[in-house]
Amino acid sequence: MATTTQQLSHVYPIGSYLDERGRLHVGGCDVLELAREYGTPAYIVDEDDLRQRARGFKEAFAALHDRVELVFATKAFPCTAVLRLFAEEGFGCDVASGGELALALRAGVDPARIHLHGNAKSDEEIAEALAAGIGDVVIDNFDDVEKLERLATGTQTVQIRITPDVAGDTHAAISTGQADSKFGFGLDDARAAIERIERSRNLELTGLHAHIGSQLLALQPFRLAVAAMASLGHFTTVNLGGGLGVAYTREQEPPRVADYARAKVEAVHEHFGADVTIMDEPGRALVGNGCVTIYTVQSVKRNVSTWVGVDGGMSDNLRPMLYGARYEAAVADRFGHGTHRHLVGKHCESGDVLITLADLRDPQPGDVVVTPATGGYGHSMANNYNGQPRPVIFCSGGDARVVVRRETYADLLARDEA
Ligand SMILES: Cc1ncc(COP(=O)(O)O)c(C=O)c1O
């Protein structure tokens, strides 16, 4: 085994290091070799990192409460290998569309542990979920109630999603707990929905759900959300959504999973007592830091600023463009401080900037550049802008395997009928 010369910041997958030549290793694999073998851009996922974080969540909740159901929020990294891994680690999953449901079923997730979300579910999606025998449907609005009552042939268990009028400190686009939200029922409507479902001949209410937003770095809003839920009465299941933030840059210190679990579980104990099932739906915190994206530098030029152009961009990471999200980057065999240059993608708009003024050490065409912390909502929001193909590689113990193969040009053309 190579001599470890430098461990990396917590932004990188657990166990990543620079070898004695200064080359980045992820999941025991030399990232430059991965770039050579699998091409770029590519998502490199450290399988062991994901497993370790899954176990961290399980242990943190199990230490505080007996009846806990952890489900992976599929939207954070929707691919078969990731869903299968979390199923192996004992997680159920939540899905927010028919497509995510199909993926979860293909990954072998126990249907009873799949739960359906969505603020605009179609008849088809509900019918598919019922046919699959999923666990709970999370009712978001009165139209869901009507559709489910019409479509369910047997008894279907449901939760009610509420918007508790609690805003976490996050980007507006991923804040969901405020009163004026497209997700869930306000408290007054939630009371009406509860009464309506209690009268239903084929819907059985098991609990309440609230997910107040994503990339939350403070815990108090989670406690406030639980208090608001409790104002609706006592339920056997309290589903607390996800939301724990991750570090995208080395100075960010998100709450520890143990503290996140304690904040949520203590609030449930205080407001509902201990005789409930607690559900939690983490996404980003399970996959965010276990993945890096690798690119190859294609051009370096000076137009007032210096622009370092790579072979990906907003096709593989939309977060900087959607939310102004900040990342860090490094040349994969030349870490350390350099000068500040814009790291930009190859796509046909000026907004395709991955990092404004990235600190990069002498990047040159042909160099492999890595951006850490791209596991959460990277692959899920990836697209084929400019006909860009996308792959995912899993690494563990020095071995690598393709889990989502890069599209071929034939794949890109396959659906065109003309
Ligand atoms: C209903 C629901 N649950 C869980 C999550 C996962 O959130 P996060 O990735 O922040 O943990 C989301 C995503 O925003 C969501 O909409």
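**Reading the core**

Reply: Start with the inside: the largest nonpolar core has 108 residues, and Val31, Ile44 and Ile294 have the most contacts inside it. A nonpolar core here is a set of buried Ala, Val, Leu, Ile, Met, Phe, Trp, Tyr and Cys residues joined through C-beta atoms within 7 Å. Buried means 20 or more other C-beta atoms within 10 Å of the residue's own, exposed means 12 or fewer, and partly exposed is in between, with C-beta atoms placed from the backbone. Helix H9 (residues 257-272) gives the most to this core, with 6 residues. Domain 1 (6-46 + 288-413) and domain 2 (48-286) both contribute residues, so the core lies between them.

Keep in mind that this is a predicted model: local features need pLDDT of at least 70, side-chain atom pairs count only at pLDDT 80 or more, and totals for chains, interfaces and linings use all residues. Residues are numbered from 1 along each chain as its sequence is written.

Me: Which residues does Ile44 touch?

Reply: Contact means that two C-beta atoms, placed from the backbone, lie within 7 Å. Leaving out residues up to four places away in sequence, Ile44 touches Val26, Val31, Leu34, Cys291, Val292, Ile294, Ile393 and Cys395.

Me: Where do the domains come from, and how do I read their contact?

Reply: The bounds come from an automatic or database domain assignment. The centres of domain 1 and domain 2, taken over C-alpha atoms, are separated by 31 Å. Across the contact, 29 residues of domain 1 meet 21 residues of domain 2. On the domain 1 side, the elements giving two or more residues are E5, helix H11 (319-323), strand E20 (392-396) and strand E21 (399-404). Helices (H or I, at least four residues) and strands (E, at least two) are DSSP runs, numbered from the N terminus. E20 gives the most to that side, with 3 residues. By class, that side divides into 14 nonpolar, 12 polar and 3 charged residues. Ala, Val, Leu, Ile, Met, Phe, Trp, Tyr, Cys and Pro count as nonpolar, Asp, Glu, Lys and Arg as charged, and the others, Gly among them, as polar.

Me: Which residues are closest to the ligand?

Reply: Count a residue as near if its C-beta atom, placed from the backbone, lies within 6 Å of the molecule. That gives 17 residues around the ligand, the closest being Ala73, Ser214, Gly242, Gly283 and Arg284. The shell has 5 nonpolar, 8 polar and 4 charged residues.

Me: How do I read a strand's two faces?

Reply: In a regular strand, side chains alternate between the two faces of the sheet. In strand E7 (residues 92-95) both faces are covered: Gly92 and Asp94 on one side, Cys93 and Val95 on the other, are all buried. Strand E6 (residues 68-73) runs parallel to E7, joined by 3 bridges; pairing needs at least two DSSP bridges. Ala73 stands opposite Asp94 in E7.
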